[in-house]
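I opened the notebook to look up a few residues and packing contacts. The entries follow in the order I made them.

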Amino acid sequence: MNWLENFRIIKVEITSYCNAACPGCVRNITGGKTVNNLDLEHMSLDLWKRIMYNDTSNMELEEVAFDGTVGDFCMNPDAIKFVEIVNSSHPLTNININTNGGARNEKFWSKLGTQLAGKPHIVNFAIDGLEDTHHIHRRNTTYNVVVRNMKAFIAAGGQANWVYTLFDHNTHQVEEARQRSIDYKCDSWEVRQSCIDGSNMYTSTKNDQYTIGTDTIRNLPETHEQLNNTNFVGMKTRTDTSGHVCTAFNERTIQIDFRGVLWPCSYIYAEEVLGSTPISPFFNETNHPVDQLRLTTYTLEEILTGELFVNTVDTAVSNAEWAVCKRNCAIK
């Protein structure tokens, strides 16, 4: 597996801080306290500059996706500067941002919209219901604040995708939410099923005790549709490889976490956050790969041509050695 020659998409998490506490998320305990082994820190802006201006200077990146396994993009104080660096170093590259949209003020979101206006991008706002239901899953966020921020972003020229995750408690509001997405001038509207079963999404805190149901959603369709096309600057289509068994390799993606550690995918990275049983003999307390994968120590090329990416992952995936691959990507 030649990861260096193959990858075209960088998924990056620029912070481990998050304003929300969604039940089922790996960063918190039952919708409350942050897990003990999660370091709370922001990615270094200087490291990001080096990655964009030096490590990838001769690469044609299709997309930079500001994603969040444990943190939310806008919690990094320099979030907009991270975007500016991508636009400056790779002006033709798609920018894809996932956020709960519940932090920062209208000034921030307006500035982000101005920065992205006219460039290929989309910001995915996770809004899981209306005034009376959104906060049930997106704990510590409120519908009105998220919508306020999204409107400010759109008014400044930003392209927003309303992402509506289905649960038993919000299925009756889908049509009304879709109409609101049109009224608010979102560029697209997305309905998706919860990727976490309700049995694993329960809240147990001092003030709240409840479980989020997913029993009725499995027969509901997932959709993603374009709404307002007047000023839409469409993102270019991703280029997949010829069907490699490894999903991340096939999608030409690599994952960088908030510490500057480079992983094959977000699923393996999440195993690190969870503190799970080592997923292979290569991942254990005496021979853990993190120090070999730090972009603060090595260049992106040095890591992608090293042992883990060239040999270990290829062998593990090809032989279906890791439970994380079997569970998330159905590798057999």
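I began with Asn-76. I found it buried, at a relative accessible area of 1% (buried is under 20%, exposed over 50%, partly exposed in between, with a 1.4 Å probe and protein chains only). Asn-76 sits in the loop between strand 2 (63-66) and helix 3; helices (H or I, at least four residues) and strands (E, at least two) are DSSP runs numbered from the N terminus.

Two notes on the source. This is a predicted model, where local features need pLDDT of at least 70, side-chain atom pairs count only at pLDDT 80 or more, and totals for chains, interfaces and linings use all residues. Residues are numbered from 1 along each chain as its sequence is written, and side-chain values use heavy atoms, with hydrogens and water left out.

What does the side chain of Asn-76 reach? I found the backbone oxygen of Ile-14 at 2.7 Å. I then listed the contacts of Asn-76 (heavy atoms within 4.5 Å), leaving aside neighbours within four places in sequence. They are Ile-14, Thr-15, His-42, Met-43, Phe-82 and Arg-104.

Next, helix packing. I looked up helix 3 (residues 79-89) against helix 4 (residues 106-116): their axes come within 10 Å and cross at roughly 0°. Axes here are lines fitted to C-alpha atoms, for helices over the stretch in contact, with angles from 0 to 180 degrees between N-to-C directions. So helix 3 is roughly parallel to helix 4 (under 35 degrees; over 145 is roughly antiparallel, 65 to 115 roughly perpendicular, the rest oblique). Helix 3 brings Ala-79, Ile-80, Val-83, Glu-84 and Asn-87 to the contact. Helix 4 brings Phe-108, Lys-111, Leu-112, Gln-115 and Leu-116. I sorted the residues of this contact into six nonpolar, two polar and two charged.

Then the aromatic rings. How many aromatic pairs does the whole structure hold? My search gave 14, pairing rings of Phe, Tyr and Trp (its six-membered ring) with centres within 6.5 Å. I checked Phe-125 and Phe-153: centres 5.8 Å apart, planes at 55°, so tilted (under 30 degrees is stacked, over 60 edge-to-face, the rest tilted). Phe-125 is in strand 4 (residues 121-126) and Phe-153 in helix 6 (residues 143-155), so the pair ties together parts 28 residues apart in sequence. Phe-125 is buried at 0%, and Phe-153 is buried at 0%. I also noted one aromatic cluster, formed by Tyr-143, Trp-162, Tyr-164, Tyr-184 and Trp-189.

Last entry: Pro-91. I placed it in the loop between helix 3 and strand 3 (94-99). Pro-91 is partly exposed, at 47%.

Note on methods. Ala, Val, Leu, Ile, Met, Phe, Trp, Tyr, Cys and Pro count as nonpolar, Asp, Glu, Lys and Arg as charged, and the others, Gly among them, as polar. A polar contact is a pair of N or O atoms within 3.5 Å; within protein, one must be able to donate a hydrogen and the other to accept it, and residues adjacent in sequence count only if both atoms are side-chain atoms.
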